[in-house]
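Hi,

Here is the structure I promised to pass on.

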Amino acid sequence: RGENLTKCYTIDDIHECVQPELQFLTPTKVYLVEPDSAKAGWRFQHLIYQGFDLHPKIEPTQIMSQADLILYMPVSTAIPPLASHGATATNLIVLDEADSPYFNVKISETSYLIYLKRSWVSKKDGVYTGIGKRYERNYFPMAYSVSDKYFDPFRTLSGSQRKLDIVCSNRPTERQPTRARIVHWVGDFLDSHEKYHGIAGEVNAAGRRGINELYFAAMRSSKIVVTANPSHWEGDFRF
């Protein structure tokens, strides 16, 4: 794989090589604090395990004391790792994907190397209301990475092959009024413009704990995909 993470691909008659702007090139042993269950934070677990499988410089280890870095996901594991077991302010990375914009009170500010937080601001019905309660030391925003499972370059469709004009797959619920408004807006547009075809609302009843082929097929078949952040917090993996 060479000394960098350049990836080359060919689709039809297009050949291109892409090199990440940020690259981690230091061989590193990484320990993931064991999740309480496979369902707890499934999507983030999936992303972490895929990173372990694909990154040429990362060596997963099952022994915490042998790790250069320790990853802890509060949504997946309720109890933080102990310093007595090897988790210290020099190696512990917190990956907090919780909906709340506040830090996890079980983790002290002096216990980690870096704290990465998904939901960064407070909102009410889609309107910004302020920042969450944050630590001052090494505390940074984090966005979802993209799983390779979300894409299939050999099934990418050109514009003329995409039979749907617009898809908005958010579920319109009382708990998510912002998303409900967006879904109804797209639905109203489709109802009043018969020449356009699409989906306003859920594609199917599948949840977030899995890679649903019908869901992604609908996304690939659409010329325009509409989505929105949750009503009361940040972070939508569709982005």
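**What I found**

Let me start with a cysteine: at 0% relative accessibility, Cys-168 counts as buried (buried is under 20% relative accessible area, exposed over 50%, partly exposed in between, with a 1.4 Å probe and protein chains only). Before you read on, note that this is a predicted model, where local features need pLDDT of at least 70, side-chain atom pairs count only at pLDDT 80 or more, and totals for chains, interfaces and linings use all residues. Residues are numbered from 1 along each chain as its sequence is written, and side-chain values use heavy atoms, with hydrogens and water left out.

Now the disulfide (a pair of cysteine sulfur atoms within 2.5 Å). The structure has 1, and it links Cys-8 with Cys-17 at an S to S distance of 1.9 Å. The torsion about the S-S bond of Cys-8 and Cys-17 is about 105°, so this disulfide is right-handed. Cys-8 is partly exposed at 38% relative accessibility, and Cys-17 is partly exposed too, at 41%.

On to the packing. A nonpolar core here is a set of buried Ala, Val, Leu, Ile, Met, Phe, Trp, Tyr and Cys residues joined through side-chain atoms within 4.5 Å. The largest one has 17 residues, and Ile-70, Leu-92, Val-94, Tyr-112, Tyr-115 and Tyr-139 touch the most other members. Strands E5 (69-72) and E6 (92-96) each supply at least two residues of this core (helices are DSSP runs of H or I, at least four residues, and strands runs of E, at least two, numbered from the N terminus). A second, separate core holds 15 residues, including Leu-32 and Phe-52.

Asp-99 sits in the loop between E6 and strand E7 (114-117). Setting aside neighbours within four places in sequence, Asp-99 is in contact with Arg-118, Ser-119 and Trp-233 (contact means heavy atoms within 4.5 Å). The side chains of Asp-99 and Trp-233 are joined by a polar contact of 3.1 Å (a pair of N or O atoms within 3.5 Å; within protein, one must be able to donate a hydrogen and the other to accept it, and residues adjacent in sequence count only if both atoms are side-chain atoms).

Last, helix H2 (residues 177-192). Buried residues in H2 include Val-183, Val-186 and Leu-190. The buried residues of H2 pack against strand E11 (164-168) and strand E12 (198-200).

Cheers
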